[in-house]
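Here is a short briefing on one structure. Look through the sequence and the model before reading on.

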Amino acid sequence: MTEALLSVRDLRVSYKLSHGSLDAVDGASFEVPQGSIVGLVGESGCGKSTAARALTRVIADNAAITGGQIVFDGRDIARIPERNMNALRWREIAFVPQSAMNSLDPVYTVESQLNEVLRKRGGMGRSDARKRCEELFELVGIETSRLKDYPHHFSGGMRQRVAIAIALALKPKLVIADEPVTALDVIVQRQILDQLRDLQQQLGLSVILVTHDISVVAYICDRTVVMYAGRVSEEGPVKAVLRQPAHPYSMGLKNAFPDLQSSASGVLTPIEGAPPSLAEPPPGCRFAPRCPFAAELCRQTAPLSEEVSPGHAAACHRASEAGVLRSQAALPQTWMVPA
Amino acid sequence: MRNATAEKSHVTIAAKAIGAFRHVFQRLRLPLRDPFAVAGLCIYLLFALTAICANVIAPYPATEILFNPDFTLAADLRPGENGFLLGTTSLGRDIFSQIVYGTRSALLIGLTAAVIVALIGSIVGVVAGYFGGWVDTLLMRLADIAFGIPFLPFVIVLAAFLEPSIWNVVFAMALVLWRDTARVIRSQVLTLRTRGYVDAARVCGSSDLKILLRHIAPNIMPLAFLYGSIAIGWAILTEASISFLGFGDPESISWGYMLQDAFANQALGKQAYYWFLPPGICIILIVSAGFFITRGYEQILFPKLGR
């Protein structure tokens, strides 16, 4: 893992609240190898979006990066002075927002919005910018004649493509896509994901895909980072994490998703309960209150992340017993809450 | 040869002008699909032409006292008598000319009031919504105060303190009626300022002014337009009421003044319908035309409202 383009170590992002503060991301570490798609998954409020946004240092006014390192291409983003950040944003790290609907200004044509990026940020001349606009539209598969259209002329999927085109405008090394397909129906989702995959391979991009949809991760990602309550619970190649999950949370997630291949009864087994409040996180492992395998140790000390196989790490005290736990986790009664 | 190229360049200039005109036209997003709105636009166009060409259309100055060929005062003549299209008033003034000139003051008041109300309201709304905090609190409490002022009595009091003039109405509207526009635009800005493109502009280091002008202002334009067009009708109605109540400017002829004149001279008793019906109809026409256009805009802005 020496050729990691981005490596996040012990990242901590805190929100200041009216009383006290809250660590939305509390010591998250993960890596994005050069030229791969990394899926950042987790439930709502587990800190995945905050973590992704912290990578560009575009976070809410009351939030701050309070610790850790974000090493991108040899530089620590967490420590670059704000005035130098803009040189990095969009030219090296670009962002695809969740709802392109609200991200494109309805009163300007998409061409003028693309142009703004190309000319103001990229310093291109008028004719270069026009050429690049057409190139980008061809890249994302929209007719170049539609450059003159306004955002409301496009469908949701096309708008998302426009957002991807804008993100790719200045040939960034890393693209962070925050729930890029969440608002779309599955067929359009697939088109967009295929496109993203093609572009990633064509351009040698590295992509961080933030999503709560494991099927999206399974479909497109090379690696996945599972977040739970502000921490990374498991990280590794998608196949390893989904087939041999080493963290009980990942095992539970797997049960909770429908599987087309296994023709089982079709009954899904949920993980009972809800993630803990981040304002008062439980001591020890944050998943312990919902974990059927939690031992006394789990409730007292937080587990450190350890490798279970090369490139696959889990933060669980019982990760070494993963094989046994997996077979137990496959049984629905394991997850039943004792009444 | 030279002629041909000259003609050609004329043609291209004309084409460009038409193109530019069409662009502006599209930008305004005139509500051309709604038949009512189109009718409203036509009525406005008609009145606007009348106002512009008032000198040509009106046979006499609005306040000139006229005489019959036998040197008697041309007072209380019926329509058509002695060539007066709509007859004359008790003072011997031509009613048709008054109607024509009245168009001028109606439109003048309506448009200036609309522009001022939309402008003040938009600026207050945008500033309050965008900056928030104490600026917002201050401006919105001012709006609350403006909401508490009864409009018509306020105009009458204002007219009593200032010289009677049609500009009192405009001034009073500017002082009071910005409140509605400001409220609505503020709430719109509150949602606009959290949009991704505004965030993005801020991250890139755009100044507040630039964000306001480039992103916020164009997005609230249709709303400002809507409130402007509502204000036109309001201003004309208010001016008519004020004049009818006798607080208007006797020097400048407006439809409201005509109604007051007719009322004071007992036109109804004389069955002089030709005197008070035309100004009344004109007021109804222009105000309802304004509301038709407004409705058309509303359907563009809030298509989900339906019918």
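Predicted model: local features only at pLDDT ≥ 70, side-chain atom pairs only at ≥ 80, totals over all residues.

Residues are numbered from 1 along each chain as its sequence is written, while chains are lettered from A and ligands numbered from 1 in the order in which they are written.

**Chain B overall**

- Chain B has 12 helices and 0 strands. Helices (H or I, at least four residues) and strands (E, at least two) are DSSP runs, numbered from the N terminus.
- Its C-alpha atoms fill a box of roughly 80 × 70 × 40 Å along the principal axes.
- Of its 307 residues, 40% count as buried. Buried means 20 or more other C-beta atoms within 10 Å of the residue's own, with C-beta atoms placed from the backbone.
- Among contacts in chain B with a separation of 6 or more, 73% link residues 24 or more positions apart. A contact needs C-beta atoms, placed from the backbone, within 7 Å.

**Helices α4(B) and α8(B)**

- The axes of α4 (residues 95-131) and α8 (residues 178-192) of chain B come within 7 Å and cross at roughly 40 degrees. Axes are lines fitted to C-alpha atoms over the stretch in contact, and angles run from 0 to 180 degrees between N-to-C directions.
- The crossing is right-handed, meaning that the near helix is turned clockwise from the far one by less than a right angle.
- The contact residues divide into 13 nonpolar, 5 polar and 2 charged. Ala, Val, Leu, Ile, Met, Phe, Trp, Tyr, Cys and Pro count as nonpolar, Asp, Glu, Lys and Arg as charged, and the others, Gly among them, as polar.

**Nonpolar core**

- The largest nonpolar core holds 165 residues. Such a core is a set of buried Ala, Val, Leu, Ile, Met, Phe, Trp, Tyr and Cys residues joined through C-beta atoms within 7 Å.
- Ile208(A), Val117(B), Met173(B), Ala231(B) and Ala235(B) touch the most other members.
- Ala231(B) touches residues including Val117(B) and Met173(B), not counting those up to four places away in sequence.

**Chain contact**

- In all, 10 residues of chain A are in contact with 9 residues of chain B.
- The chain A side divides into 5 nonpolar, 3 polar and 2 charged.

**Hairpin in chain A**

- Antiparallel strands β11 (residues 306-309) and β12 (residues 312-314) of chain A are joined by 3 bridges. Pairing takes at least two DSSP bridges.
- Glu306(A) stands opposite Ala314(A).
- Gly311(A) takes a positive phi near 80 degrees in this hairpin, which has 2 residues between the strands.

Methods
Contact = placed C-beta atoms within 7 Å. Buried ≥ 20, exposed ≤ 12 C-beta atoms within 10 Å, placed from the backbone.
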